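I opened this model to go through its strands, its core and a few single residues. My notes follow in the order in which I looked things up.

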Amino acid sequence: MTIKNFAFSPATLTVKAGTKVTWTNTDPDAHTVTSKQGTGGPLQSVALATNDTYSYMFTTPGTYPYFCTIHPFMTATVEVTP
């Protein structure tokens with residue numbers, strides 16, 4: 001996953017359970033990868049500076065919406081299949 005131009009790319013990523021996803025921030029501004037409030041999701045990165053990465057292993061099928069806490073308009077979803 002790439003964080004570029006204040007957006008997560010791709011906006012929706014589909015992976016199989018057991019896949020490790022890594023986000024890389026290529027923007028000059030810091031961003032987070034954080035599960036949306038109320039979803040109980042597992043994503044909680046620190047603020048990622050330029051070229052920093054955050055990884056998470058998705059083990060349970062489901063839909064995982066997330067956003068950047070610094071720039072809440074930045075949203076995306078990981079869909080995990082069995």
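**Entry 1: an exposed loop residue**

I began with glutamine 37, which sits in the loop between β5 and β6. Strands here are DSSP runs of E of at least two residues, and helices are runs of H or I of at least four, numbered from the N terminus. Glutamine 37 has 79% relative accessibility and therefore counts as exposed.

I note the conditions here. This is a predicted model, in which local features need pLDDT of at least 70 and side-chain atom pairs count only at pLDDT 80 or more, while totals for chains, interfaces and linings use all residues. Residues are numbered from 1 along each chain as its sequence is written, and side-chain values use heavy atoms, with hydrogens and water left out.

**Entry 2: the sheet**

Next I looked up the strand order. Four strands form an open sheet in the order β3-β8-β7-β5, and the pairing is mixed. β3 (12-16) and β5 (34-35) are at the edges with a single partner strand each, so one side of each has no neighbour in the sheet. Two strands pair if DSSP finds at least two bridges between them. Strands of a sheet pair through backbone hydrogen bonds, either parallel or antiparallel.

I then went through the pairs.

- β3 and β8 (residues 75-81) run parallel and are joined by five bridges; threonine 12 stands opposite threonine 77 of β8.
- β7 and β8 are antiparallel, with six bridges; tyrosine 66 has alanine 76 in β8 as its bridge partner.
- β5 and β7 are antiparallel, with two bridges; threonine 34 has phenylalanine 67 in β7 as its bridge partner.

**Entry 3: residues of β8**

Alanine 76 lies in β8 and is buried, at a relative accessible area of 5%. Leaving out residues up to four places away in sequence, alanine 76 touches Phe8, Pro10, Ala11, Tyr64, Pro65 and Tyr66; contact means heavy atoms within 4.5 Å.

Threonine 77 is also in β8, and its relative accessibility of 18% makes it count as buried. Apart from neighbours within four places in sequence, threonine 77 contacts Ala11, Thr12, Leu13, Thr63, Tyr64, Pro65 and Tyr66.

**Entry 4: the core**

Which residues touch the most other members of the largest nonpolar core? I found Phe8, Trp23, Val33, Phe58, Tyr66 and Val78, out of 19 residues. At least two residues each come from β3, β4 (19-25), β6 (53-58), β7 (62-67) and β8. β8 gives the most, three residues. A nonpolar core is a set of buried Ala, Val, Leu, Ile, Met, Phe, Trp, Tyr and Cys residues joined through side-chain atoms within 4.5 Å.

I listed the contacts of valine 78, not counting residues up to four places away in sequence: Leu13, Val15, Trp23, Phe58, Gly62, Thr63, Tyr64 and Tyr66.

**Entry 5: aromatic rings**

I counted seven aromatic pairs. Rings of Phe, Tyr and Trp (its six-membered ring) pair if their centres lie within 6.5 Å; planes under 30 degrees apart are stacked, over 60 edge-to-face, and the rest tilted. Tryptophan 23 and tyrosine 54 have ring centres 5.8 Å apart and planes at 35°, so I logged the pair as tilted. Tryptophan 23 is in β4 and tyrosine 54 in β6, so the pair ties together parts 31 residues apart in sequence. Both tryptophan 23 and tyrosine 54 are buried. One aromatic cluster is formed by Phe8, Trp23, Tyr54, Tyr56, Phe58, Tyr64 and Tyr66.

**Entry 6: loops and backbone**

I returned to the loop between β5 and β6 for serine 45. Serine 45 counts as buried, at 11% relative accessibility. The side chain of serine 45 reaches the backbone nitrogen of valine 33 at 2.7 Å. Asparagine 51, also in the loop between β5 and β6, has a positive phi of about 70° although it is not a glycine.

Last, I noted that the peptide bond from serine 9 to proline 10 is cis, with omega near 0°. Proline 10 lies in the loop between β2 (7-9) and β3.

Notes: Buried < 20%, exposed > 50% of the residue type's maximum accessible area, 1.4 Å probe, protein only. Polar contact = N/O pair within 3.5 Å; in protein donor to acceptor, adjacent residues only side chain to side chain.
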